[in-house]
Amino acid sequence: LRSCSPGRARCTNASRRACLVARFGDIYAQERLDAETLLRTYISDTEMVQRIIYIAAVESFHAAKMAYRQFKIRVRETLSLGHSGPESLEDTVLDYIVRHEDLYDVQASVNEVIRSMNINPKISFPPEIDFIVISTLIRELCRVAFSMQTLAPPLDVAFGTDGELFSETKYHRSFDSDFTAALVAYHVWPALMENDVVIVKGEAVTKR
């Protein structure tokens, strides 16, 4: 299990970051819209559809971060038994994770996200349907969120609350917003953050 390329994860950090940021944008442009179209066949309320997708995105990042922490602990425990350098144990662990991201149990995270969504009081779904219908979106978000944890510094999504003051630096307003309103009615997509700095704006609806 010794790393054959010391510090490779750190050497490729910039290129991996660029790819992951682009992928996050692609998910917003493609999988998010696919999920929205799918949900509209079951739910006529646009706000509820958009709330569901936003919560799915936030919960996906939460589940992936938890899975990454557990995965990293297991890898560190295994590699520490035979580690002797020259690179640090942390670098060796990171290299191993970057090379073996396929070992991440993404389905377990998808299941965790759906469980969390089922008990979220802000969203509801027709009883005969399950949030599993948007599992493609959830899976892609979990994958990109997990990979974003291998970056230095890691990337995360911003925490948003209904009624917060609208931030021009953090969000775009949705086309159906009241552009004179100062408060966020609800969020459509989370902003992507690096060390508390916005690197990709999210989307929010503002209403009076």
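This is a predicted model: local features need pLDDT of at least 70, side-chain atom pairs count only at pLDDT 80 or more; totals for chains, interfaces and linings use all residues.

**Salt bridges.** I started with charged pairs, taking a salt bridge as a side-chain nitrogen of Lys or Arg within 4 Å of a carboxyl oxygen of Asp or Glu. By this rule I get 13 salt bridges. One of them joins the side chains of Arg-40 and Glu-36, with 3.3 Å from N to O. Both residues sit in helix H3 (residues 31-40), 4 residues apart, which is about one turn of the helix.

**What I am looking at.** Residues are numbered from 1 along each chain as its sequence is written, and side-chain values use heavy atoms, with hydrogens and water left out. Helices (H or I, at least four residues) and strands (E, at least two) are DSSP runs, numbered from the N terminus.

**Two domains.** Next I checked the domain bounds, which come from an automatic or database domain assignment. That assignment gives domain 1 (6-154) and domain 2 (158-207). Their C-alpha centres are 21 Å apart. I find 20 residues of domain 1 in contact with 19 residues of domain 2, contact meaning heavy atoms within 4.5 Å.

How much area do domain 1 and domain 2 bury between them? About 1,700 Å², with 62% of it on carbon and sulfur atoms; buried area is the accessible area (1.4 Å probe) that two parts lose on being put together, summed over both. Phe-24, Gln-50 and Tyr-54 supply 36% of what domain 1 buries against domain 2, more than any other three residues.

I also counted 3 salt bridges between the two domains. Arg-17 makes a salt bridge with Glu-194, their closest N and O atoms being 2.8 Å apart. H4 gives the largest share, 8 residues.

**Sheet one.** Then I traced the strands, calling two of them paired if DSSP finds at least two bridges between them. An open sheet of 3 strands runs in the order S1-S4-S5, with antiparallel pairing. Strand S1 (155-157) and strand S5 (197-200) are at the edges with a single partner strand each, so one side of each has no neighbour in the sheet. The twist averages 45° from one strand to the next; axes are lines fitted to C-alpha atoms, for helices over the stretch in contact, and angles run from 0 to 180 degrees between N-to-C directions.

S1 pairs with strand S4 (residues 192-194) over 3 bridges, and Asp-156 stands opposite Met-193. S4 is joined to S5 by 3 bridges as well, and there Met-193 stands opposite Val-198. The hairpin of S4 and S5 has 2 residues between the strands, and Asn-195 takes a positive phi near 50° in it.

**Sheet two.** I found another open sheet of 3 strands, in the order S2-S6-S3, with mixed pairing. Its edge strands are strand S2 (171-173) and strand S3 (184-189). S2 and strand S6 (residues 202-206) are parallel over 3 bridges, with Gly-202 as the bridge partner of Tyr-171.

**Back to H4.** Where does helix H4 (residues 46-80) lie? H4 lies across S1 and S4, at about 140° to S1. H4 also lies across S3 and S6, at about 60° to S3.
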